[in-house]
Amino acid sequence: MASRVGARHALLVLALALAGCPRPASPPGEDGQPSAEAGGESGGKGSAEGSRASDNGPDSSDPFAGLEPLRPHPWAGWPVENVDIEGYDGWRISPVTGGFERDRGLVFNTDPGAFVLAIADAQVVEIGRNDQDQLELTLDHGQGIESHLGPLSDALVHAGLPVTRGAVVGLAAGRSLRLRVSVDGLDIDPLLALRQPLHRWPALLRVLPTPPPE
């Protein structure tokens, strides 16, 4: 009789385990009391499982768990919080002269007073006026890389101050903000420095107007 009770209890434990239910109480002994040995084994197993669950640590699905130095981090980021690019770096047809001209830098649509952010870790080089007498900020990112942000209504940093990527360095003066990036004094396409997937060649995407008849 006791063997039949034990077999039924084993089958019940297996069925509940497959269903994800907790382990039932141990079968009663011949005197009607629960088996102390089975109860001790159950308690020990439960405590061991709990300790193993608490030792799992971070999410195992993260491939870089415990390897923070190897986690990829972007070198640069956007200079505005809401990215809306109005103009790209490259050649275009001047709306004034009708000839080809080089438009340098990226132009973002912004709101007056919007935060202007540092694209990467840098040191503030200069806060001055550009050729259009607009306030412009120059940041030195090392290895000859500099970024130029303007026009600004106000600069929230001073020359010589170190800043980190994403730090607020100024306020936009109007509804557009221009970002220029230079390497050793030569302007490059800012998207090459930002390493963003939005790189386009506007000169190749625009259809040139039909020349006037002679």
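This is a predicted model: local features need pLDDT of at least 70, side-chain atom pairs count only at pLDDT 80 or more; totals for chains, interfaces and linings use all residues.

Trainee: Why does Phe100 count as exposed?
Mentor: Buried means under 20% relative accessible area, exposed over 50%, and partly exposed is in between (1.4 Å probe, protein chains only). Phe100 has 59% relative accessibility, so it counts as exposed.

Trainee: And what makes Trp91, Ile93 and Phe100 a patch?
Mentor: Patch members need over 30% relative accessible area and no salt bridge; like charges are joined within 9 Å, nonpolar side chains (Val, Leu, Ile, Met, Phe, Trp, Tyr) within 5 Å. A salt bridge would be a side-chain nitrogen of Lys or Arg within 4 Å of a carboxyl oxygen of Asp or Glu. Trp91, Ile93 and Phe100 form a nonpolar patch on the surface, together about 350 Å² of accessible area, by the Shrake-Rupley method with a 1.4 Å probe, where for residues only the protein chains shown count as cover.

Trainee: How do you know that strand β4 and strand β11 pair?
Mentor: Two strands pair if DSSP finds at least two bridges between them. Strand β4 (residues 106–109) and strand β11 (residues 176–183) have four, in the antiparallel sense, with Leu106 opposite Leu179. β11 is also joined to strand β8 (residues 145–155) by six bridges, again antiparallel, and there His148 stands opposite Arg180.

Trainee: Why is Glu136 called buried?
Mentor: Its relative accessibility is 16%, so Glu136 counts as buried. Glu136 lies in strand β7 (residues 135–142). Not counting residues up to four places away in sequence, Glu136 touches residues including His148 and Arg180; contact means heavy atoms within 4.5 Å.

Trainee: Which label does Thr138 get, buried or exposed?
Mentor: At 9% relative accessibility, Thr138 counts as buried. Thr138 is in strand β7 too, and His148 is among its contacts beyond four places in sequence.

Trainee: How many aromatic pairs are there?
Mentor: Rings of Phe, Tyr and Trp (its six-membered ring) pair if their centres lie within 6.5 Å; planes under 30 degrees apart count as stacked, over 60 as edge-to-face and the rest as tilted. By this rule there is one aromatic pair. The rings of Trp78 and Phe108 have centres 6.0 Å apart and planes at 75°, so the pair is edge-to-face. This pair links distant parts of the chain: Trp78 is in the loop between α2 (36–54) and β1 (85–87), and Phe108 is in strand β4, 30 residues apart.

Trainee: Where do Trp78 and Phe108 fall, buried or exposed?
Mentor: Trp78 has a relative accessible area of 19%, so it is buried. Phe108 counts as buried at 0%.

Trainee: How much of the protein chain counts as buried?
Mentor: Of its 214 residues, 27%.

Methods. Residues are numbered from 1 along each chain as its sequence is written. Side-chain values use heavy atoms; hydrogens and water are left out. Helices (H or I, at least four residues) and strands (E, at least two) are DSSP runs, numbered from the N terminus.
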